[in-house]
Amino acid sequence: MGTASNSAAYEAMQRRIANSEWTKKQIAALSKLGYQVADRTVAGVLVELRNQGLFEAGLVVVGTLAYMSWLNEYGSIATATATVPAPAAQDVQLARRQTLKLATPVSFLSAMHATQLPFVLLTRAPSKNPTSVKLPGAEGRRVDVLAPGPIWGEIVAVPELEWHAQTIPFYDYLLEGSRAAAALAGGHCVPTRLPEVARLIWHKLYSSTRLGADPAKAQKNLVQAATLAAILIEQEGVLLRESYREAPRELRNAAHSRLPRLEGLLAEHPRARDEFRKLR
C-alpha cells in the first residue's frame with residue numbers, strides 16, 4: 001500500500017512477491033525429493049502463529065509435525081506403512097513449557113480465526129474449557145495446545161493465550177532446550193521451534209507405553225521414535241547415549257520395556273538395534 005510515486009515501496013513488494021514464488025518452487029522441488037511437506041491448512045495455522053510472534057515467545061511444535069520437521073532437518077526420508085499413516089495427514093500439536101514471553105496476551109482463538117479456516121471449539125468433559133480447535137468433518141485437522149503436568153489430560157489455564165491446555169507428563173523435560181527450526185507446509189517455509197531430537201525420541205517411547213486405549217497412536221509413536229533414533233545414531237550417535245543418561249528414570253524404563261519391539265523395527269538397522277541393547 002502506498003502512493004503511485006513511491007517506487008521504493010513498489011520495488012520492495014515486488015521483491016517479496018518474487019521471493020514468495022521462488023520459495024513455493026523450492027518447496028515443491030523438495031517435496032518431490034521426499035521431504036515432508038504439510039498441507040495448506042497446516043501452513044495457514046503455522047504462518048498465523050508465526051505472525052503473532054508465538055514461536056519466538058517460546059511456543060513449540062510437537063507431535064507428528066515435529067517428527068516431520070526433524071526428518072527434514074536431517075535430510076532423511078521415511079515412508080508410511082500399513083500401521084502408521086502418512087505424516088502429512090496429522091494434526092497440529094503445540095506446547096509451552098512456561099509462560100510465553102509476550103508483551104501482551106495473544107488470543108489463541110483469534111489467531112485461529114485469522115487463518116480464515118472454519119475452526120470450531122473442542123472441549124473435553126467434564127471441563128467446559130476448550131483446549132483444541134478442529135475443522136469440520138471426520139478428517140478435519142485439529143490444533144491442540146499441550147503443557148507439562150504430572151497427570152495425563154488435566155486441563156490447565158494458559159492466560160497469555162486466553163486459552164487452556166491439556167497436560168502431558170514429562171513435557172517439562174521434552175520442551176527444555178527447544179530450538180529454532182523450520183517447518184515446510186503448503187508453499188511456505190515457516191520458522192518455528194522444535195523439541196531437542198533426542199528428548200523427542202525418549203518421550204515418544206514413553207508415550208507409546210501410555211496409550212493402551214489407542215494402539216494405533218502408540219504404534220505410531222514407537223515407529224517415529226525408532227526412525228529418529230536410527231537417523232540420530234547414524235549421524236550423531238553419542239548424542240543419544242548422553243541424552244539417555246539425562247532422561248528421567250520413567251522414560252528410561254519405557255525404553256527398556258519397548259526393546260523387544262524396537263529390535264523388530266530396527267532389524268534392518270543393526271547399528272541402531274545394538275545401540276539400544278547397550279543402554280543400561
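Modeller: The chain averages a pLDDT of 90, where pLDDT is the predictor's confidence in each residue, from 0 to 100. Of the residues, 94% score at least 70. Over residues 81–85 the pLDDT is below 50. That stretch has 7 contacts in the model beyond near neighbours in sequence, a contact being heavy atoms within 4.5 Å.

This is a predicted model, so local features need pLDDT of at least 70, side-chain atom pairs count only at pLDDT 80 or more, and totals for chains, interfaces and linings use all residues. Residues are numbered from 1 along each chain as its sequence is written, and side-chain values use heavy atoms, with hydrogens and water left out.

Now the packing. Helices (H or I, at least four residues) and strands (E, at least two) are DSSP runs, numbered from the N terminus. Helix H6 covers residues 197–208. H6 and H7 pack at an angle of about 145°, with their axes 8 Å apart. Axes are lines fitted to C-alpha atoms, for helices over the stretch in contact, and angles run from 0 to 180 degrees between N-to-C directions. H6 passes H7 in a left-handed crossing: the near helix is turned anticlockwise from the far one by less than a right angle, while clockwise would be right-handed. From H6, the contact includes Trp202 and Leu205. From H7, it includes Leu228 and Tyr244. The contact residues divide into 15 nonpolar, 5 polar and 1 charged. Here Ala, Val, Leu, Ile, Met, Phe, Trp, Tyr, Cys and Pro count as nonpolar, Asp, Glu, Lys and Arg as charged, and the others, Gly among them, as polar.

H7 (residues 215–246) also packs with H10 (residues 270–278). Their angle is about 35°, and their axes are 9 Å apart. This crossing is left-handed too. Among the contact residues are Ile233 and Glu234 of H7, and Arg271 and Phe276 of H10. The contact holds 6 nonpolar, no polar and 4 charged residues. Ala229 of H7 takes part here, and Ala229 is also in the contact with H6.
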